[in-house]
Amino acid sequence: MGEPPEAETTESGDGRDASRAATWSVTELHDAVNGLIDHAFGSPVWVTGELRSLHRSAAGHSYFDLVEPGTDGTHNAARLSVTLFSGYRNRVNAIVTKRGGGVRIEEGTVLRISGELQTYPAQSRLQLMMTGIDPSYTLAVAQQKRDRALAALANAGLLDANALVEVPHPPLRVAIVTSRGSAAEADTLHELERSRVGLSVSRIDARTQGAEAEATIVAALRTAAELKVDVVLLVRGGGASTDLATFDGERLGRAIATLGVAVFTGIGHETDRTVADEVAHSAFKTPTAAAASVVERAESAHEQLGATTASLRSAAEGRLARAGNLLDSQTRSVAIASRGHLNRESAGLDSRLARVASAAPLSAGRLAARVDSLAARVEPAATRALESAGTRLGNLEGLVAARDPALLLKRGWSITRDATGAIVSSALGLEAGTELVTTVADGRISSVVTEGGSE
């Protein structure tokens, strides 16, 4: 650092001699501060924090902030600006690749990085010019996070909760929770579409990495449960270990364990097993494998149904065949028994007809003799009855003739009737003015009663 320029003698606001106070230019002050920083911290400086607000320039430079892990990263949180120039970026990537490639510099990743700490005069802020990285630190932090989450879930008795959820047989309603338009979604849909059983598929968008990913996945899982699906496929493509940090959160683990719907994970990473995998109903290495499990379950149920149907059809056909054979046997037995009965009845009828035929002449002779005997007795009796009836008829004819009204009228008798035609046999009750008609032998005489009859 150079010496500050001399100043004229003036009085400062606090009454002290201003000539004794050093005066710096802005550039000189920044140079002095940078010198103090370099003297105090040396180079490189190692610092840890959670990556936020990452963006890259067209020239290949990366700019981001480091904030205290576990904070919301707002303006109230402590933060440090970091610049990674493109030349050092290749060096950092080589370090990561050499140590296993499990770390990716992405939003939300906890990092331990090194660089030169200095001020940025143009914006009057402190920044770190990044030159190195410690991947093992990031991986260790991720493992610690995973271990803490698993311990908390185990203490709460939630590790096996989702595994106990029954998967409907077959699972026909499926929800896919992943980033919309991702390769994981495409692979999952392709596998489900090859199913010979019709599946109803709902796609629910969720971020699968970054600071906000865990919250969006939890919300997507709740949406799937509200849709009353049979199984949820939580899937993501492969990547670095830090890309899967979202799936190691305790909050996500609790959401899966308590969902009430079976969750199949297909998080595409061959070596790591996330907290989500540990608490899920079933865990698979890839999205395709998770979808294939659903297809296999659906088709297994379909085949089982087909086998059951075929078995029932075979059993029914067997029973029908046995029943047909039994019916044929019984029909033959009935026919044989009927023919025997008819033969016996026919023989009995022939015997009775023979007896009737032999007895008929004798019976006919006896009946003819009896008829002749009856005829001999009936004829005299009939003659006497006719003679007696003739005598009685003659007597009756005499009586009828003697009582003929015409003869009585000729002898002077008459018949008197009133206007209604009723015969008047007494004068009693006749009123004056009553019209009467009297019949005599040679005609009728009309008269009117002039005086009512009395005793």
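Student: Does R236 count as buried or exposed, and at what relative accessibility?

Tutor: This is a predicted model, and its values are computed from it. R236 is found in strand 8. Buried means under 20% relative accessible area. R236 counts as buried, at a relative accessibility of 6%.

Student: What is the strand order of the open sheet of five strands?

Tutor: The five strands of this open sheet pair in the parallel sense. Strand 7 (200-205) and strand 10 (282-284) are its edge strands, since each pairs on one side only. From one strand to the next, the twist averages 20°. The order is 7-6-8-9-10.

Student: What angle does the direction of helix 4 make with that of strand 6?

Tutor: Helix 4 (residues 183-193) packs on the sheet. It touches strand 6, strand 7 and strand 8. The angle between the direction of helix 4 and that of strand 6 is about 165°.

Student: Which exposed residues does helix 4 carry on the face turned away from its buried side?

Tutor: The buried side of helix 4 includes A184 and L192. The face turned away from that side carries exposed residues. These are A183, H190 and E193.

Student: Which residue is the bridge partner of H55 in strand 2?

Tutor: Strand 1 and strand 2 (residues 62-67) run antiparallel and are joined by five bridges. The two strands form a hairpin with five residues between them, and G60 in the turn has a positive phi of about 95°. The partner of H55 in strand 2 is Y63.

Student: In strand 4, which residue is the bridge partner of V45?

Tutor: Strand 1 (residues 45-56) is also joined to strand 4 (residues 110-120). The two run antiparallel, with six bridges between them. The bridge partner of V45 in strand 4 is G115.

Student: With which side chain does that of T83 make a polar contact of 3.5 Å?

Tutor: T83 belongs to strand 3 (residues 79-84). T83 is buried, its relative accessible area being 6%. Beyond its neighbours within four places in sequence, T83 is in contact with S62, Y63, Q127, L128, M129 and M130. The polar contact of 3.5 Å joins the side chain of T83 to that of Q127.

Student: Is S124 buried or exposed?

Tutor: S124 is placed in the loop between strand 4 and strand 5 (125-133). Its phi is near 50°, a positive value in a residue other than glycine. A residue counts as exposed over 50% relative accessible area. Because the relative accessibility of S124 is 58%, this residue is exposed.

Student: What is the phi of K228?

Tutor: K228 lies in the loop between helix 5 (213-226) and strand 8. At 57% relative accessibility, K228 counts as exposed. K228 is a residue other than glycine with a positive phi, and the value is near 60°.

Student: How many helices and strands does the protein chain have?

Tutor: Of the 455 residues in the protein chain, 30% are buried. Among contacts between residues at least 6 apart in sequence, 61% join residues at least 24 apart. The chain has nine helices and 13 strands.

Notes
Residues are numbered from 1 along each chain as its sequence is written. This is a predicted model: local features need pLDDT of at least 70, side-chain atom pairs count only at pLDDT 80 or more; totals for chains, interfaces and linings use all residues. Side-chain values use heavy atoms; hydrogens and water are left out. Helices (H or I, at least four residues) and strands (E, at least two) are DSSP runs, numbered from the N terminus. Buried means under 20% relative accessible area, exposed over 50%, partly exposed in between (1.4 Å probe, protein chains only). Contact means heavy atoms within 4.5 Å. Two strands pair if DSSP finds at least two bridges between them. Axes are lines fitted to C-alpha atoms, for helices over the stretch in contact, and angles run from 0 to 180 degrees between N-to-C directions. A polar contact is a pair of N or O atoms within 3.5 Å; within protein, one must be able to donate a hydrogen and the other to accept it, and residues adjacent in sequence count only if both atoms are side-chain atoms.
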